[in-house]
Amino acid sequence: MHLSELTHPNQLHGLSIAQLEEIARQIREKHLQTVATSGGHLGPGLGVVELTIALYQTLDLDRDKVIWDVGHQAYPHKLITGRYNEFHTLRQKDGIAGYLKRCESKFDHFGAGHASTSISAGLGMAIARDMAGENYKVVSIIGDGAMTGGMALEAINHAGHLPDTNLMVVLNDNDMSISPNVGALSRYLNKMRLSPPMQFLTDNIEEQVKHLPFFGGSLSPELDRVKEGMKRLAVSKVGAVFEELGFTYMGPVDGHNIKELIDIFREGHKQKGPVLVHVATTKGKGYAIAEKDQVGYHAQNPFDLATGKAKPANKPTPPSYSKVFAETLITLAENDPRIVAITAAMATGTGLDKFQAKLPNQYVDVGIAEQHAVTMAAGMACEGARPVVTIYSTFLQRAFDQVIHDVCIQDLPVFFCMDRAGVVGADGPTHQGMYDIAYLRCIPNLTIMAPKDEAEFQRMLVTGVTHPGPIAVRYPRGSGVGAPLLEAGWEPMPIGKGEVLRTGDDLLLVGYGTMVYPAMQAAEILSEHGIEATVVNARFVKPLDTELIVPLAQKIGRVVTIEEGCLMGGFGSAVLEALGDAGVAVPVTRLGVPDILVEHATPSQSMQSLGLTGPQIADRLLMQLGRKPEMAAV
């Protein structure tokens, strides 16, 4: 059978081990070809090919439920659930999503883009199943990196308290999330891997003795019992943890041996109550370059399969905001030992791997544990440190209560650096940084800012590490605009002060962060049509520069706010509130992201779809003013 013929995972049933291994080979081939061409997550999916095939051999996917923790490891799942012919559209506009989506396939039983959710979701399904008197199987697959998330441990604690609720948890243990794992559980798993009995087993003792004449091709019952005893000894410490929490522990099993996986999954399904199957895998399995560099090949832009090297860009680009952030923070921290950079398992993505290499004693990685990161930072701030909590906008959502309760109520000097704010592209709705303006600006004591370019970003970083209270900066994914970086003038910015970039009497355009340059572009186009606009770079959404914006709004009489974030509760809402509080009743047009989910596409495609490019903004305003928009520059 060819992989392209698989339209339903139940078609795997009855295939021989050799046939399943051939399917595995084809999955890796398709996976590698697709990601090399269009980019995407590489290592996670390559590591779970055999795990997926073997598990689905033991399930009826018309009834049984499988929940993957973080969808980017589920590319093999997509390939054997009827999406082979569309797989080349992975992460492209209107194509296959890079994560699981319930609306994409009936086999995507639970959407997942953030880590540590699968056990909670699976337990919820299992409880609902039992309440309805049904008996289908529920399997939650979680990576060992996601086990560092408190939510996963909370779910394990609850599941272990329900001895009559059948739930299988598959621990995909590859010693990696994106960056190397941290924490006590990771150390436990490593001790098990490296223990002498486990090393003995991995030397293929069975292969060494079964060819001896007096063994007749198989181990004797005595030696088989010895082997199993040594295996139990090797995993006793790890297994004991889960057994004490109420789980039946099984494993570890070679995550790339389909026969062994099928056997252990079948045995696991027979157990009553919660079961944890420990599967040892290699991230990037089958592509030697990815196996050697598991961090670098977690995800890739288009690359050459033969060399593993990224395909060269068409033209040089300015440095990314993440790079500017890392290099600037290093300079600041070298001169202030109180500064501590904190990440939640995203050192590479945020640029903090460079910081760690330079200043390891001023760096902390807490694992996938954003709540802990924020409260730990609050504790540091209590004792005089200057913590810089660097978390993607979409992931900081997970620590909302800690931001309020532990930082802002106590008015502590914690600096939140929110990478990937706004449109992020191919990762889709679970990763778009759309909501941070709305979910943070309602919190007392918190200052919130966003730069128009890299140089302003540097000054905001200086502001953040010197501000006496809670403060946050949002900045986008990808390259800057090419503004010259600061060589001097590294002084903090005045809090709550914007700037006028252009003057005109017909419109007031107030841009925030990344939308300042499109506002300027729109203003230039409008000028060609005889409409002169004042453009303000707000810099701060909280406190908003009402002393600048309100008088200009009153004088000019027509206001347009422009933001790369959700309109509900966003920057435009802040301007409207300020005008309302001041009793200034003028027309206000808010441009940003409406009440929709922004699906996966390139950032430029998303901005085009949202009507947030400079020419589109100009067109819309020309229509409002009764001019012909088709005359606007394209």
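## Helices α21 and α25

α21 and α25 cross in a right-handed way (right-handed means the near helix is turned clockwise from the far one by less than a right angle, left-handed anticlockwise). This is a predicted model, where local features need pLDDT of at least 70, side-chain atom pairs count only at pLDDT 80 or more, and totals for chains, interfaces and linings use all residues. Residues are numbered from 1 along each chain as its sequence is written, and side-chain values use heavy atoms, with hydrogens and water left out.

The axes of α21 (residues 516-528) and α25 (residues 614-624) come within 8 Å and cross at roughly 50°, so α21 is oblique to α25. Axes here are lines fitted to C-alpha atoms, for helices over the stretch in contact, with angles from 0 to 180 degrees between N-to-C directions. Under 35 degrees is roughly parallel, over 145 roughly antiparallel, 65 to 115 roughly perpendicular, and the rest oblique. Helices (H or I, at least four residues) and strands (E, at least two) are DSSP runs numbered from the N terminus.

On the α21 side, P518, Q521, A522, I525 and L526 meet G614, P615, I617, A618, L621 and L622 of α25 (contact is heavy atoms within 4.5 Å). Sorted by class, that's 9 nonpolar, 2 polar and no charged residues. Nonpolar covers Ala, Val, Leu, Ile, Met, Phe, Trp, Tyr, Cys and Pro; charged covers Asp, Glu, Lys and Arg; the others, Gly among them, are polar.

## Helices α1 and α3

α1 (residues 17-38) packs on α3 (residues 49-57) at about 135°, axes 9 Å apart, which means α1 is oblique to α3. The α1/α3 crossing is right-handed.

## A54 in α3

A54 sits in α3 and is buried at 0% relative accessible area (buried is under 20%, exposed over 50%, partly exposed in between, with a 1.4 Å probe and protein chains only). Leaving aside residues up to four places away in sequence, A54 touches I258, L261, I262 and F265. Its C-alpha is 7.5 Å from that of K259, 205 residues apart along the chain.

## Annotated positions

An unreviewed UniProt entry gives a "binding site" annotation that includes G145 and Y287. G145 is in the loop between β3 (138-143) and α6 (150-159), and is buried at 2% relative accessibility. Y287 belongs to the loop between β6 (274-280) and α12 (288-292), and is buried at 8%. UniProt positions follow the numbering used here, feature names are shortened, and annotations may be inferred rather than shown by experiment.
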